[in-house]
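Subject: Handover of a structure

Hello,

The structure you asked to take over is below. My notes on what was found in it follow.

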Amino acid sequence: MNNTHKQKWDKIIRPRTGWFDIHPGELWKYRDLIGLFVWRDFVAIYKQTILGPLWYIVQPLLTTLVFTVIFGTVAKLPTDGLPPFLFYLSGVIAWRYFADCLNNTANTFVGNAHIFGKVYFPRLTVPVSVVISNLIGFGIQFLLFIAFFLYYWQNSSVIHPQPALLLLPILVIQMAALGLGFGIIVSSMTTRYRDLTHLVGFGVQLWMYATPVVYPASSLPENWRWILLLNPMAPVIEAFRYAFLGTGSINLQSWLISLLNTVFILFVGIILFSRVEKSFMDTV
Amino acid sequence: MSDTVIQVESLWKEYRLGVISHHTLTRDLQSWWARVCGKEDPNSQIGSAHPSRSEDRFWALQDVSFEVKQGEILGIIGRNGAGKSTLLKILSQVTAPTKGEVRFKGRIASLLEVGTGFHPELTGRENIFLNGAILGMSKNDICDRLDEIVAFAEVEKFIDTPVKRYSSGMYVRLAFAVAAHLEPEILIVDEVLAVGDAQFQKKCLGKLESVGKEGRTVLFVSHDMTSITRLCDRAILLYQGHIVNDGPADEVAGSYMDTGLGVQALRLWPDMKNAPGNNIVRLRSAKIKLEDGSHSETIDIRSPLGIEIEYDVFEEGHLLVPNYNLRNREGIVLFFALDQDTAWKEHSRCKGRYKSTAWVPGNFFAEGIVIVNIAITTFMPFHVHIHERDAVVFQIVDSLDGDSARREFGGSLPGVVRPLLRWTTDFEAVIE
């Protein structure tokens, strides 16, 4: 009785084929798992230390203070006429969310090999949940920023929030997408090149100095600004500052280019990731 | 009418052996630069100018095809390295096959190792949800079965305690309970029963049996032929990546033992990371040897044999006691042996490589298969560092030369041991 062709199968396991073997629907099916991963990270942080959530505030505050002293007071870098503290704080928290997403997703395969080696679930759930749980930290830091923002807004006249504030959700999604995209590209490559892991933390730190976090883009010489177009994070930080503080040299065109870059990087990341996820257990 | 739920069609899986890549970007760039300049690759192995790629590859599975019907409990047996784990890994979608196809209906959940994804900081209840979701269940499904799971695992009192405070037994019970209660249509079980106490093992086997009766399908991998024959309707026997036998479980299990396919007198664990053990001590090798030191799968009933293990001690200050547990094909424990070497009885071991051998005299075992479990234990306080089940297996043969316990008698003899006893006869001629 050969009725193979008439039967309906729920799932067919086949050898890896091509580059575009992606199943976005599966991610939706496993949304409960993503939720639980997020909640696990959250609970684990709260349970381990009393200071856990407080670190979210202490770290950017200290970083900002150091930047204010070194780059503002000692090096006297320009801040587009803004109060230096607020200028650095806005850059630091926007950059941190991107950097955290990248750093924490860059180790997805190697760090989860023990789970991945035993059960199947869409591997993308792990980096996606990391990005979402980092959003909680970002939220706390964002509230901190808002508190200082309101204080300075009341007490000085150099701050002019712009209608571009409405674009804030898109900017946050873009930061997350960029962090996720680069993170999963790196994590796919670390299954082959382990030494890349060491490079990531260091590379992200250097990258920050290539991005207008501690200096405004306007302080760069005119004929150097094109370099910022290559860096998709630069317009994001500039746009973030422009929306809240009303300064900066952002134009719509450069932001749209970075938006396209983001989509491209995320796409490349997903393709690489889904290619590696099927075979990495044999090589890890 | 039974329905096919899993269909495996000519499945092949290739693994590459040895160095796949240099694993560092700098070295790959070095090799690439050398090639560009036309120099010799500084990272290539000496003497292998043109390494033939085909030699570094091997087929872990070769043309494996079978079907499983709904409600069937299928046993998968074979010695170490026969391809059982590879097959399960493909079925549970952890790795992709090289060629061939697997089709199935419903959801597959695997118990490749229990407790996957447990987070030590979370409570038992929280981990049930997390683990259930990893196995592919929705929150509502888990909510419905929460009480049942907790009751089965016997951890009611500790359900809101972080699992890092659980004993290893509780941990395993909870993990098994989650997987067994999540009601996947197809359940894959691999040697989970090696853990937990005897009572819980029985409970697990009972649960698996009832899972099968409910119409769900179970794939069961085990070295323990008794549980295979008791639990499974059908079994397949893998040997070097091929299916060599497929049929009723007791027949396949029997032939596995009788043909000597299951026999393995020498085991080596060249890779320290995967060797059985912990940070204190790790096993390197185990073997059944003759008096001249050579290892042998088949041993004459009359000759003494040594059970030897080699192990590395990494941490000083532990009283380590190697011990063996020997059982026969039916699962009857023949005896348990503890290290009796007086030199080390009272002394904790210093770092280094050790070899411990237990000598069993000739004319002791009955004919047939003997399976050896190897453990290294500290007894005060009790802690098991290594417990390798079915580490080595050998076969005792009786050659009918007339000087063993069976003498010239050719039929089958009962008994789990067959000692050659000293017999004496008192005779008195009765004179009428």
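This is a predicted model: local features need pLDDT of at least 70, side-chain atom pairs count only at pLDDT 80 or more; totals for chains, interfaces and linings use all residues.

I start inside chain B, with strand E6(B). Ile186(B), Ile188(B) and Asp190(B) point one way from this strand, while Leu187(B) and Val189(B) point the other way, and all are buried.

E6(B) has a partner in strand E7 of chain B, residues 217-221; the two pair in the parallel sense over 5 bridges. One of the residues already named takes part here: Asp190(B) has Val221(B) as its bridge partner in E7(B).

Next, the two parts of chain B. The chain is divided into domain 1, residues 60-258, and domain 2, residues 266-397. Their contact takes 6 residues from domain 1 of chain B and 6 residues from domain 2 of chain B. On the domain 1 side, the residues that touch domain 2 divide into 3 nonpolar, 2 polar and 1 charged. The C-alpha centres of the two domains of chain B lie 28 Å apart.

Now to chain A. It has 12 helices and 1 strand. The C-alpha atoms of chain A fill a box of roughly 85 × 50 × 40 Å along the principal axes. Of its 284 residues, 39% count as buried. Among contacts in chain A between residues at least 6 apart in sequence, 82% join residues at least 24 apart.

The two chains touch each other. Their contact takes 38 residues from chain B and 32 residues from chain A. On the chain B side, helix H1 (25-37), strand E4 (99-104) and helix H3 (124-134) each supply at least two residues. E4(B) gives the largest share of that side, with 5 residues. By type, the residues of chain B that touch chain A divide into 16 nonpolar, 15 polar and 7 charged.

E4(B) is also where the chains join through strand pairing. Strand E1 of chain A, residues 11-13, is joined to E4(B) by 3 bridges, and the two strands run antiparallel. Within this pairing, Ile13(A) has Val102(B) as its bridge partner in E4(B).

That pairing belongs to an open sheet of 4 strands, in the order E1(A)-E4(B)-E1(B)-E2(B), with antiparallel pairing. Which strands stand at the edges of the sheet? They are E1 of chain A and strand E2 (57-69) of chain B; each has a single partner strand, so one side of each is left without a neighbour in the sheet. From one strand to the next, the twist averages 20 degrees. Helix H2 of chain B, residues 84-91, packs on this sheet and touches E1 of chain A as well as E1 (4-16), E2 and E4 of chain B. The direction of H2(B) makes about 65 degrees with that of E2(B).

Last, some backbone points to look at. As background, most residues other than glycine have a negative phi, and most peptide bonds are trans. The exceptions I have noted are these:

- Lys76(A) has a positive phi, near 55 degrees, and is not a glycine. Lys76(A) sits in the loop between helix H3 (52-74) and helix H4 (84-105) of chain A. With 9 other C-beta atoms within 10 Å, Lys76(A) is exposed, because the cut-off for that class is 12 or fewer.
- Asn363(B) also has a positive phi of about 55 degrees although it is not a glycine. Asn363(B) lies in the loop between strand E16 (352-360) and E17 of chain B. Is Asn363(B) exposed or only partly exposed? Asn363(B) is partly exposed, with 17 other C-beta atoms within 10 Å.
- Met380(B) and Pro381(B) are joined by a cis peptide bond, with omega about -10 degrees. Pro381(B) lies in the loop between strand E17 (368-378) and strand E18 (383-397) of chain B.

Regards

Conventions
Residues are numbered from 1 along each chain as its sequence is written. Chains are lettered from A and ligands numbered from 1 in the order in which they are written. A residue is buried if 20 or more other C-beta atoms lie within 10 Å of its own, exposed if 12 or fewer, and partly exposed in between; C-beta atoms are placed from the backbone. Two residues are in contact if their C-beta atoms, placed from the backbone, lie within 7 Å. Ala, Val, Leu, Ile, Met, Phe, Trp, Tyr, Cys and Pro count as nonpolar, Asp, Glu, Lys and Arg as charged, and the others, Gly among them, as polar. Two strands pair if DSSP finds at least two bridges between them. Axes are lines fitted to C-alpha atoms, for helices over the stretch in contact, and angles run from 0 to 180 degrees between N-to-C directions. Domain bounds come from an automatic or database domain assignment.
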